[in-house]
Amino acid sequence: MELPFSQACENNKDPILEVLKTAFSDCTRVLEVGSGTGQHAVYFASQLPNIHWQASDQKEYLPGVTARIKQEGVTNQPLPVEFDVFADAPGGTFNALFTANTCHIMPKEGVERLFEHLEGDLSSVERLCIYGPFNDNGHFTSDSNRGFHQSLQSRNSDMGIRDWQWITELANQQGFELKKIHPLPANNQLLEFQR
Ligand SMILES: C[S@@+](CC[C@H](N)C(=O)[O-])C[C@H]1O[C@@H](n2cnc3c(N)ncnc32)[C@H](O)[C@@H]1O
């Protein structure tokens, strides 16, 4: 099968990795939510060999992620598991959660559900890294993000760039504090939380 591919993942994987090396330095089991093409999953697993990196996504994405993981054959990486945030989290104990470019794709209720898992079946998670474009108190941080938001809304009005303050409020409700906002290329940010 032809593997799904995202050029953006190729462009952002190294800047994200530099943050994860520190943010997840004491983590051994990471759950990635919304793995998409699986490019981040295989790259981070190969570069962070002490971490058991569990990819996950909605059912329709699993064949592509599975094929990529099998092709790469990284030893610290199991096959992906199904996880739709509106359903139960996969079994297993994770001490960190990573997700990239999902908060503007899921409806707001999906983002809220993701955080609710952190007081339920994902209560073992203590580190949280969330990558993507974010607004600052309702303000776009670039013209390109404004255009991206408009294109998302024209596709589906439930999609859209979220305020980092709202994400932080959801994290605070689960006992996480915002450790740092890492500015990354292409007007994206990585929100690093810990509890
Ligand atoms: C734009 S893609 C990002 C994929 C990848 N993380 C990346 O950075 O390229 C959005 C991802 O969010 C996932 N997603 C959307 N709604 C979801 C839900 N309800 N539960 C879990 N994942 C969801 C999609 O399946 C998809 O993998």
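Biologist: Which residue caps the N-terminal end of helix 1?

Modeller: In this predicted model, that residue is S6. A polar contact is a pair of N or O atoms within 3.5 Å. Here, a side-chain oxygen of S6 lies 3.3 Å from the backbone nitrogen of A8.

Biologist: How many residues does helix 1 have, and what span does it reach?

Modeller: The expected span of a helix is 1.5 Å times one less than its number of residues. Helix 1 covers residues 7-23, which is 17 residues. From first C-alpha to last it reaches 24 Å, close to the 24 Å expected.

Biologist: Where does helix 1 bend?

Modeller: The bend is at K13 and amounts to about 40°. A proline, P15, follows within four residues.

Biologist: Which residues of helix 1 are buried, and what do they pack against?

Modeller: Buried means under 20% relative accessible area. In helix 1 this applies to C9, N12, K13, I16, L17, V19, L20 and A23. The buried residues pack against helix 2 (39-47) and against several strands, including strand 5 (96-100), strand 6 (127-132) and strand 7 (177-184).

Biologist: How many helices and strands does the chain have, and why is it described as compact?

Modeller: The chain has 6 helices and 8 strands. Its radius of gyration is 16 Å, close to the 16 Å that the globule rule gives for 195 residues, so the chain is as compact as a globular protein of that length.

Biologist: What share of the chain is buried?

Modeller: Buried residues make up 51% of the 195 residues. Among contacts between residues at least 6 apart in sequence, 73% join residues at least 24 apart.

Key: Residues are numbered from 1 along each chain as its sequence is written. This is a predicted model: local features need pLDDT of at least 70, side-chain atom pairs count only at pLDDT 80 or more; totals for chains, interfaces and linings use all residues. Side-chain values use heavy atoms; hydrogens and water are left out. Helices (H or I, at least four residues) and strands (E, at least two) are DSSP runs, numbered from the N terminus. The bend at a residue is the angle between axes fitted to the seven residues ending there and the seven starting there. Buried means under 20% relative accessible area, exposed over 50%, partly exposed in between (1.4 Å probe, protein chains only). Contact means heavy atoms within 4.5 Å. A polar contact is a pair of N or O atoms within 3.5 Å; within protein, one must be able to donate a hydrogen and the other to accept it, and residues adjacent in sequence count only if both atoms are side-chain atoms. The radius of gyration is taken over C-alpha atoms; the globule rule is 2.2 Å times the number of residues to the power 0.38.
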